[in-house]
Amino acid sequence: MSDETNLDRRRFLGGALTTIAAAELAMIGSAHAQAVRPRSSTSFGPLKQIDAGVLDVGYAEAGRADGPPVILLHGWPYDIYSFVDVAPMLASAGYRVIVPYVRGYGTTRFLSGETPRNGQQSVVALDVIALMDALKIENATLAGFDWGARSADIVAALWPERCKALVSVSGYLIGSQEAGKIPLPPKAELQWWYQYYLATERGRVGYEKSRHDFAKLIWQLASPKWNFDDATFDRSAASFDNPDHVAIVTHNYRWRLALAQGEAKYDDLEGRLAEGPVITVPTITLEGDANGAPHPEPGSYAKKFSGKYSHRTITGGVGHNLPQEAPQAFAQAVVDVAES
């Protein structure tokens with residue numbers, strides 16, 4: 001892509017974002033630090049489905065089919081609507097935007113009832129590679145938060161040829177079962193209450209029974225200054241009705257504490273991840289200034305990125321669901337890193 005094309009795209013996005021922002025954005029610092037209230041009336045077009053690896057993946061797509069691909073990855077307990085404002089911004093700037101439901105969410109389904117309902121980190125990341133293969137995308141800019149940031153980090157670390165650039169909320173989130181065994185200070189342990197709850201059978205049954213109220217509580221705790229309305233939450237909560245949702249979520253958190261086994265065929269990948277591989281692709285990490293969920297301090301992971309790297313703290317009461325709470329800042333980070 002020529003420098004002139006890159007410049008045109010950057011100018012186009014800047015103009016589009018300014019227009020969108022005029023009615024609803026409050027400037028709170030630099031051009032890269034703007035807080036945005038979610039627009040609950042916005043929706044994706046008709047969703048698509050594609051067989052990818054062990055899954056029939058449901059995903060939203062926006063933008064030109066021949067545009068530079070960007071894959072946006074959500075976490076728990078969220079869904080593709082975390083990017084409902086980000087996707088059209090990127091599409092207007094000329095990108096092909098893919099927003100898939102993670103295994104256990106929305107319209108994504110397992111192709112076989114015999115496939116283990118595995119939520120370990122390497123497997124969730126491999127789903128991204130399988131989706132790229134199915135869509136014939138050789139490499140893409142990956143951007144995500146929560147589980148999605150971890151998956152994006154893993155792809156960038158283990159398969160850098162598939163990741164053109166990276167935007168990762170809360171930075172370097174690759175972990176291991178051994179790391180998960182290390183106790184944290186009491187206040188930090190308190191933040192992980194739901195991980196321990198889901199480790200019990202009582203917790204699994206409780207989440208199965210009350211997943212809607214459970215997820216809403218997590219939203220409130222993780223983003224204490226985000227005044228989302230019921231319509232915004234309910235739109236995403238529908239994705240938790242997936243028949244495999246509870247199994248995937250409980251396995252993910254139990255696996256982290258070494259209370260559930262992964263699949264042996266992924267042991268080599270997990271061994272590589274346990275070494276904390278450095279990420280070499282161009283990266284921008286983001287953090288909201290009001291993130292109420294457990295997250296590392298930016299200074300603790302900066303050295304994990306050896307390529308072109310910068311960190312942005314997004315101010316204005318932005319919590320854990322950063323792309324939905326501050327879509328302009330997130331979209332701008334994607335464009336900046338993709339064209340760096």
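Biologist: Is D336 buried or exposed?

Modeller: Buried means under 20% relative accessible area, exposed over 50% and partly exposed in between, with a 1.4 Å probe and protein chains only. D336 is buried, with a relative accessible area of 12%, and R312 also counts as buried, at 14% relative accessibility. This is a predicted model, in which local features need pLDDT of at least 70 and side-chain atom pairs count only at pLDDT 80 or more, while totals for chains, interfaces and linings use all residues. Residues are numbered from 1 along each chain as its sequence is written, and side-chain values use heavy atoms, leaving out hydrogens and water.

Biologist: Which side chain does D336 meet in a salt bridge?

Modeller: A salt bridge is a side-chain nitrogen of Lys or Arg within 4 Å of a carboxyl oxygen of Asp or Glu. D336 meets R312 in this way, at 2.9 Å from N to O. The pair links distant parts of the chain, with R312 in strand β11 (residues 309-314) and D336 in helix α13 (residues 327-338), 24 residues apart; helices (H or I, at least four residues) and strands (E, at least two) are DSSP runs, numbered from the N terminus.

Biologist: How many salt bridges does a search of the whole structure find?

Modeller: The search finds 11. Among them, R162 pairs with D133, their closest N and O atoms being 2.9 Å apart. Here R162 is buried, with a relative accessible area of 11%, whereas D133 is partly exposed at 43%.
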